[in-house]
Amino acid sequence: MSSQRLRVFDTTLRDGEQSPGCSMNLHEKLTLARQLERLGVDVIEAGFPIASDGDFDSVRAISKELSETIICGLARTGNLDVERAGQAVESAKKPRIHVFIATSDIHLEHKLRMSREQVLEEVDRAVRLARTYVDDVEFSAEDATRSDRDYLVQVFDAAIAAGASTLNVPDTVGYTTPKEYGALIDYLSGRVTGAEDAIFSIHCHDDLGLAVANSLSAIRAGARQVECTINGIGERAGNTSLEEVVMALSVRSDEFGGLKTGITTQEIYPTSRLLSSITGVQVQPNKAIVGDNAFAHEAGIHQDGVLKAAITYEIMTPESIGRASNELVLGKHSGRHAFSDRLIELGLKVEGEDFERAFRRFKSLADAKKVIYNEDLEAIVSDSVHTIEDRFSFESLTLTCGSGRAPNALVRLGLDGVSLEQAATGVGPVDAIFRAISELLKTSSELIQYQVHAVTAGLDAQGEVSVTIEEDGRRVIGNGVHEDVMVASAKAYVNALNKLEWHKKRRDVDAPRGI
Ligand code: KIV
Ligand code: ZN
C-alpha cells in the first residue's frame with residue numbers, strides 16, 4: 001500500500017527503554033505517552049507486557065488513557081506472550097498487537113533452534129491468536145536484513161494469510177545499507193501475496209550510524225510506517241531517531257514526493273527535553289535537530305551570514321521544532337495565572353501538588369535570577385513533578401568550604417516523613433554532601449557518574465545535575481535542578497536513591513530483554 005502518508009510508530013517506551021539508564025516507571029511512561037500523542041505519532045509501542053508486571057501495567061494504563069493514538073504491545077510468538085499483550089491493550093480505543101519472531105538462519109540455528117517450517121507454523125499460530133484479541137496485528141521478522149529473501153517472502157505470506165496488516169522488516173543488528181535496504185523493501189512488496197493491502201514497516205538500529213539513511217531509503221522504496229524513538233535512544237547504538245526522519249521529510253519534501261507525517265514538528269523539541277529530563281540521559285551537543293549546538297552558529301562568517309539572512313546557513317528554523325529559546329518568558333512579578341498559561345504553551349501538564357511545588361520553585365528562582373527562560377521552566381517542572389512515591393526527600397543543605405579547609409556538609413533529609421540530619425567532610429564539597437547522604441540513608445550503591453550542565457546561558461543559570469548510581473547490577477540516573485549547583489547535586493543524589501528504592505520494591509518477573 002503506497003500512499004502519501006507515512007505512519008510514525010514510536011517505540012521510545014519499548015525499544016528505547018532498553019537503552020542503559022533509560023528505564024522509566026509507570027508515571028513517567030504515562031507522562032511521555034501523553035506528550036507523544038501531542039506530538040502526533042500514529043502508534044505508540046507502549047511496552048512488552050510479558051517482560052514484567054511493570055511493563056504490563058504501563059501498557060494497560062496508557063491504553064486506558066489515550067484515545068487518538070494506536071497503542072501497541074509487543075509479543076513473541078508464544079501463546080502466553082500474545083495473551084498478555086492482548087490483555088494489556090484490551091481497553092485501548094485503537095489497540096494493536098505486535099508479534100515477532102526471528103527469521104535469519106543465524107537466529108534459527110543459534111537462538112531459536114527451530115527449522116524454517118517450525119517458524120512458519122509459529123507465525124501462523126501467533127498471528128491468528130493475536131487476531132482473536134484485536135483487528136490490528138503487526139508482524140515483525142526479526143533480523144530480516146540477514147534473512148534469506150525468499151524465505152522472508154514465505155514468512156510474510158504466512159503473516160498476511162493469518163491476518164497481519166502491517167509487515168515490519170527490522171534491521172535488528174544495524175547491518176544493512178541504504179541501497180540494500182531499499183532494494184529489500186522493493187523485492188518484498190513485489191512478491192508477498194497481498195502486499196498491496198498491507199503496510200510495509202521499517203525498524204532500524206544505528207550500529208553503523210545508518211539507521212536514518214536506511215529508513216529514508218526504505219521510505220523511498222515504498223515503506224509507509226517508520227519505527228523510531230525520540231532522541232534515537234534504543235538498544236546498543238539506538239534506533240532511528242524520530243526527529244531526524246521527520247525533519248528530513250519535512251525539509252526535503254521535494255526529494256520524497258511531498259510524503260506527509262502526522263507529526264506536529266513544533267512538539268519535537270519539548271518531547272526531546274521531556275525524555276531527557278525523565279531519564280536523565282542528555283543528548284550529545286552536536287545531535288542533529290535537538291542537540292544544544294544544532295542551531296548554534298559559531299564561526300564568524302556563519303554568524304555574519306545568518307544575521308544578514310538566516311537562509312544562508314539555516315535550512316530550518318529553531319521555531320519549526322518548537323525551540324524558541326532565549327525568550328524572556330516570565331519575571332518575578334508574574335503570577336500563578338501567567339505561570340500556568342506559559343506551562344500550557346510549552347506543553348507541560350502539571351497539576352495539584354506538583355503545580356504548587358513548581359510555582360514555589362519558580363517564585364524563588366525569580367528572586368535569585370533576573371531572566372527566566374523557557375528552559376528554566378522546563379527544568380523546574382521536571383524537578384517538581386514527583387514521578388514515584390519518594391521515600392526520601394531533600395530538605396536543606398549547609399556547606400562550608402573554601403581553600404585551605406576540608407569541606408563540611410550538613411544535610412537534612414526526610415525519611416518516611418521524619419527529618420534527619422547528618423554532617424560529613426569530604427575531599428571536595430560534592431564528596432562531603434554525598435558522604436552525608438549515604439551515611440544517613442545507609443546506601444551501598446556505587447557512584448558511577450556525576451554530570452553538571454547549565455540549563456541556560458549566563459552566570460546565574462540554574463545547574464542541572466545528573467547522578468548515575470548502581471546497586472546489585474541495577475543502574476539508575478537521578479536529576480536535580482537548582483540555582484545552587486551543590487543543592488542540585490544533593491537533590492540529584494536523593495532522586496537517584498529514590499529510584500533505586502522504587503526498583504527494589506517493584507517485583508519484576510524474569511524479563512526477556514535484549515531483543
Ligand atoms: O530490532 C528488532 O528486531 C526489534 C523487533 C522486536 C521489532 O526490536
Ligand atoms: Zn529493535
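This is a predicted model: local features need pLDDT of at least 70, side-chain atom pairs count only at pLDDT 80 or more; totals for chains, interfaces and linings use all residues.
Local features need pLDDT of at least 70 and side-chain atom pairs count only at pLDDT 80 or more, while totals for chains, interfaces and linings use all residues. Residues are numbered from 1 along each chain as its sequence is written, and side-chain values use heavy atoms, with hydrogens and water left out.

The protein is divided into domain 1 (7–279), domain 2 (300–384) and domain 3 (392–505); these bounds come from an automatic or database domain assignment. Between domain 2 and domain 3, the C-alpha centres are 26 Å apart. Twelve residues of domain 2 are in contact with eleven residues of domain 3, where contact means heavy atoms within 4.5 Å.

The size of an interface is often given as the accessible area lost when the parts come together. For domain 2 and domain 3 the buried area is about 910 Å², with carbon and sulfur atoms giving 49% of it; the term denotes the accessible area (1.4 Å probe) that two parts lose on being put together, summed over both. On the side of domain 2, R361, K369 and D383 lose the most area to domain 3, together 42% of what that side buries.

One salt bridge is counted between domain 2 and domain 3, a salt bridge being a side-chain nitrogen of Lys or Arg within 4 Å of a carboxyl oxygen of Asp or Glu. The side chains of R361 and E483 form a salt bridge with an N to O distance of 3.8 Å. Helix 13 (352–368) and helix 14 (374–384) each supply at least two residues of the side of domain 2 that touches domain 3; helices (H or I, at least four residues) and strands (E, at least two) are DSSP runs, numbered from the N terminus. Helix 14 gives the most to this side, with five residues.

Strand 12 (residues 405–415) and strand 13 (residues 418–425) pair in the antiparallel sense over eight bridges; pairing requires that DSSP finds at least two bridges between two strands. L410 has A423 in strand 13 as its bridge partner. The two strands form a hairpin with two residues between them, and D416 in the turn has a positive phi of about 50°.

In the whole structure, 31 salt bridges are found. One of them joins E45 and R14, whose closest N and O atoms are 2.9 Å apart. E45 lies in strand 2 (residues 43–47) and R14 in the loop between strand 1 (7–10) and helix 1 (26–39), so the pair ties together parts that are 31 residues apart in sequence.

Technical notes
Chains are lettered from A and ligands numbered from 1 in the order in which they are written.
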